[in-house]
Amino acid sequence: MTSAAATPDAIATPARRGLAGLALRRFIRNPVAVCSLLVLLAVLVVGALAPIIAPHGWNWIDLHADAVHQAPSLAHPFGTDPIGRDMLERTLYGIRTTEETAFGAAVLATLIGVLVGALAGYYQGWLDAVVMRIADLVTAYPAVVLTLAAIVYLGEVYPHDLIIIFGGYMWAVVARIVRAHIAAIRTQEYVEAARAVGASNLRVLFRHLLPNAGGTILVAATSLVGQIILIDATVEFFNYGLSSSVAPSLGNLVSDVVQTKFASATTLVVPGSGSWWIWIFPSLVLALILITINLVGDALDAALNPAVAKG
């Protein structure tokens, strides 16, 4: 005979496995989502393998006279910049830096947001009030403004600085989502059953409630990656954030060809068709990453929450 203490786990585990399998099948049936995921993974893998694919490094200069400011060719498929650096190699390293920053910040923000949001949603009371007011204060300011303020305060920044900056305020987005989900399911029957057989609050929270919110957390984390990449690129476009002399990213590679003049007004001068290759390829890769992340995120949401998606 099965003991009463084992009943909640025995019921919850197969149910979660079944729901995960159904969500996976829904996702696979979406050809756009599958193609987007494959393209995204291919781009990210190429970026991660940049030191192998481009062993010369991002700052290597081709000293041949005809390699300076060269249009795309067999020797340099993405062309070269005005001092002879290969734009393909710089773009590969730009992908690497961008993905490291975005995924690192998204992981940090998700961990903080899940922990804080889950505790606030489960215990509620004064803890919920304090956490949500802090989250409201953080999300009240535009993300670009917060990022610029932090970068100006720190001065020269590196990828690990950006991870801390983005994670330091993006957690509020995840916390609000997780808190709402946990608060909505904390009084359901399987939770009451777990409490009735003697499960502690932490066991109920981490063994039953958080796994139930796994789909919501995954969608939120995926969305965070796209938001962080976009904010980072926006800040770097205006010559803040990472410098291409420190570490090339997709954002600062584009900003390298933009001369910003601050006078009575701000004037942006984009070089003409004579140097289109310097900014077009990083821009296209950046757009491709953002589009595929959004498509994958929407498909995950539809697969994990089919009733909401249909509504």
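Predicted model: local features only at pLDDT ≥ 70, side-chain atom pairs only at ≥ 80, totals over all residues.
How many helices and strands make up the secondary structure of this protein? The count is 13 helices and two strands.

Let me begin with the chain as a whole. The protein has 311 residues, and 42% of them count as buried. Its accessible surface comes to about 15900 Å², with 68% of that belonging to carbon and sulfur atoms. Among contacts with a separation of 6 or more, 72% are accounted for by residues 24 or more positions apart.

I turn now to helix packing. Two packed helices are described by the angle between their axes and the distance between the axes.

On the helix 2 side, the contact includes V32, L37 and V43, and on the helix 12 side, V285, I289 and V296 are among the residues involved. By class, this contact has 13 nonpolar residues, two polar and no charged.

In the second pair, helix 4, residues 87-123, packs with helix 12 at an angle of about 30 degrees, the axes being 10 Å apart. Because angles under 35 degrees count as roughly parallel, that term applies to helix 4 and helix 12. The crossing here is right-handed. M87, T91 and I95 of helix 4 meet I278, P282 and V285 of helix 12. Five of these residues are nonpolar, one is polar and none is charged.

Definitions and conventions: Residues numbered from 1 in each chain as written. Heavy atoms only, no water. Helix = DSSP H or I, 4+ residues; strand = E, 2+ residues; numbered from the N terminus. Buried < 20%, exposed > 50% of the residue type's maximum accessible area, 1.4 Å probe, protein only. Contact = heavy atoms within 4.5 Å. Areas by Shrake-Rupley, 256 points an atom, 1.4 Å probe, with all protein chains shown as cover. Nonpolar A, V, L, I, M, F, W, Y, C, P; charged D, E, K, R; others polar. Axes fitted to C-alpha atoms, helices over the stretch in contact; angles between N-to-C directions. Parallel < 35°, antiparallel > 145°, perpendicular 65-115°, else oblique. Left-handed = near helix turned anticlockwise from the far one by under 90°.
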